[in-house]
Amino acid sequence: MGMQRRSEHSNDPIFVAAHNTTRQHHKCTQPDNDGVPEHTCAQQNHSPKLASFTSQNAPPVIPAFVALLLLVTSIAPALCHPQQGNHTFRPPHELLKLRRIRAHLKKINKPPVKTIQSPDGDLIDCVLSHQQPAFDHPKLRGHTPLDPPERPRGNHTEGERESESFQLWSDSGETCPEGTVPIRRTTEEDILRASSIRRFGRKPRAVRRDSSGSGHEHAVVFVNGDQYYGAKASINVWAPSVTDEFEFSLSQMWVIAGSFGKDLNTIEAGWQVSPQLYGDNYPRFFTYWTTDAYQTTGCYNLLCSGFIQTNNRVAIGAAISPRSAYNRRQFDIGLMIWKDPKHGHWWLEFGSGVLVGYWAANMFSHLRSHASMVQFGGEIVNTRSRGYHTSTQMGSGHFAEEGFRKAAYFRNLQVVDWDNSLLPLSNIHHLADHSNCYNIRQGTSNVWGTYFYYGGPGRNVRCP
């Protein structure tokens, strides 16, 4: 099942998932300050102040006439050039930046055949498949999207069913036509929130697993020392609080090859809350890739050329709904990334059988053959903008030891081997950079396979 609903009556992860045949419609309520931010527009008064005109000797009609003349003279240029109001006071460097932003938007926002308005304010453009951003890449020009690959064998999660309706924009029942792919439209405001146009859609640079000092903090489980051809997990979805617009909180899988120097290759997928990237606090389904340790290649979602989308019902970068709530119903999304044995491309699957698309093998160096590490877990950015540790939450914002319905979890962790078979993890390692701020607890059960709880509140008495 793409979106699993957990029992409300069990505090134990050892339970059998109920088989649902129809999707429940849930009304999603947002916490205070969640969702689309309020926009306040300060009105600018460009009308010139008329100097007071007085003359004790002049007849009263003269001051009135002169004042009227001054007023007409001052507004005449505006009447002749009504569009000037938006641009009159823009310095040249601002106009240049705006032109560059609009050129970039034209490059990544492809002409839609249909546009769907999402309840959270997003515009979802249905773009013809062959016009999607991926095919702007020199290595992908002329590439023809491939047929579905052979799925890995064995050890699939019990109780999963195919489900594509897990995003707010599709709750209305609107879909993109066959032959198109849904793409979240990027706005000027989105790019203006980034540090630069060049860095828009890219992760802040931080690549080491031991991330102390980099601002990135993790609570993860990982395996290495073998050759890996994919990874699979079900990831519990929450809406953690992010307290600084330049921070984020995410939960994801990493498929990694190369060293943690400049040659790092990664493929990543999961959910994230990123006010800077999206302008709100919704958890959103995302992907990422890089071939040079986040320096110049790769990006989130479809914000650059690279990922080839094949699905017309899943919008990468769109808000996920429903989400889990503390001590209430729990929801998770099943994700799998694996290497097609026939063509070598890395495919992304949501739920059970819903193919989202793939990363072409020739985009990578080390990942062209296989991965050397697989990682699962949470990551936040701690800017220390107020001089102390951030209160940005990871997962549910609660520590791992609180357990089911309170702490966030990953379940059914598996890897894909050279024979395209799913296997449980072996030789598992844990890492929590700052365990007083965010921690992790791993376990195994018959129903959840390998699982772990993770997360935390960030700043607290033990995490100053």
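This is a predicted model: local features need pLDDT of at least 70, side-chain atom pairs count only at pLDDT 80 or more; totals for chains, interfaces and linings use all residues.
Mentor: Local features here need pLDDT of at least 70, side-chain atom pairs count only at pLDDT 80 or more, and totals for chains, interfaces and linings use all residues. Residues are numbered from 1 along each chain as its sequence is written, and side-chain values use heavy atoms, without hydrogens and water.

Trainee: Why is Ser-274 called buried?
Mentor: Buried means under 20% relative accessible area, exposed over 50%, partly exposed in between (1.4 Å probe, protein chains only). Ser-274 has 6%, so it is buried.

Trainee: Where is Ser-274 placed?
Mentor: In the loop between strand S8 (265–273) and helix H4 (275–278). Helices (H or I, at least four residues) and strands (E, at least two) are DSSP runs, numbered from the N terminus.

Trainee: What is Ser-274 in contact with, leaving aside neighbours within four places in sequence?
Mentor: Contact means heavy atoms within 4.5 Å. Ser-274 has Glu-247, Phe-248, Gly-279 and Asp-280. Phe-248 is 26 residues away in sequence, yet 4.6 Å away in space, C-alpha to C-alpha.

Trainee: Why is Thr-392 called buried?
Mentor: Its relative accessible area is 0%, so Thr-392 is buried.

Trainee: What makes strand S7 mostly covered?
Mentor: Nine of its nine residues, 249–257, are buried. Ser-249 and Met-253 are among those on one side, Leu-250 and Trp-254 among those on the other.

Trainee: How do you know that S7 and S14 pair?
Mentor: Two strands pair if DSSP finds at least two bridges between them. S7 and S14 have eight, in the antiparallel sense. Val-255 has Val-374 as its bridge partner in S14.
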